[in-house]
Amino acid sequence: MSLINERQDFSTIADTFLLHGSMQSPAFLDGRLCAALGLHDLTAEAWLEEVCLTLGVDQPRDEPSAERLLGWRRQTLDALASTELNFEPLLPDEMFSLAERAQGLKEWTLGFLEVVEDAGDAPRKKWSEPLREAIEDLAGLAAIETDIDDSAENENDLFALTEHARMAAMLLYTEQHPGTPQVEQVDETPPSTH
């Protein structure tokens with residue numbers, strides 16, 4: 001079975017980065033990936049080129065690595081376009097400390113915002129007010145304190161911030177790709193009474 005279809009998680013992608021001599025967290029690149037897919041349908045070739053450039057290599061070192069990196073893109077695109085709205089940013093999971101998870105979220109946000117900023121003002125003019133606000137709020141998220149203790153309160157706060165980032169990415173994708181995913185639209189006109 002092809003690795004492209006396997007579920008990619010943070011640790012798997014981080015291990016693939018290590019295989020290429022990079023200690024960089026995949027979170028920053030995942031933020032870039034989510035924004036790029038949302039804004040302009042990043043091709044598989046362009047994605048592989050961006051990852052290799054980031055890792056400082058000409059190409060993936062072997063076929064399994066290439067398949068994992070392409071699987072990461074496919075998994076993200078499928079989740080953003082899914083009617084189940086089950087997209088999740090590629091971030092450190094519970095195996096990591098809360099501080100490491102907060103740092104991952106911060107890096108993801110910085111990557112996401114970098115692509116949005118690079119796109120300029122043209123796409124923004126068509127955005128809804130909720131999307132504009134969600135993107136503006138991400139700027140604050142990019143400045144979060146990451147040196148936090150493991151506590152239930154911090155865990156809840158980090159969950160809420162991660163949920164905000166997740167929703168911003170899905171909102172960007174759905175607004176830039178009308179009809180994908182097929183989600184119910186709420187009719188805002190009040191029912192008429194006769």
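User: In this predicted model, is Asp121 buried or exposed?
Analyst: Asp121 has a relative accessible area of 53%. The cut-off for exposed is over 50%, so Asp121 counts as exposed.

User: Which residue does Asp121 meet in a salt bridge?
Analyst: Side chains of opposite charge can pair when their charged atoms come close. For Asp121, the N to O distance of the salt bridge is 3.9 Å.

User: How many salt bridges does the structure hold?
Analyst: For the structure, the number of salt bridges is nine.

User: How many residues apart in sequence are the parts that Glu88 and Arg166 tie together?
Analyst: The side chains of Glu88 and Arg166 form a salt bridge, at 3.9 Å from N to O. Glu88 sits in the loop between helix 4 (63-81) and helix 5 (98-118), while Arg166 belongs to helix 7 (residues 152-176), so the pair joins parts whose separation in sequence is 78 residues.

User: In which helix do Glu129 and Arg132 both lie?
Analyst: Glu129 and Arg132 meet through their side chains in a salt bridge of 3.3 Å, N to O. Glu129 is partly exposed at 45%, and Arg132 is partly exposed at 28%. The two are three residues apart, about one turn of the helix, and both lie in helix 6 (residues 129-141).

How values were computed
Residues numbered from 1 in each chain as written. Predicted model: local features only at pLDDT ≥ 70, side-chain atom pairs only at ≥ 80, totals over all residues. Heavy atoms only, no water. Salt bridge = Lys/Arg side-chain N within 4 Å of Asp/Glu carboxyl O. Helix = DSSP H or I, 4+ residues; strand = E, 2+ residues; numbered from the N terminus. Buried < 20%, exposed > 50% of the residue type's maximum accessible area, 1.4 Å probe, protein only.
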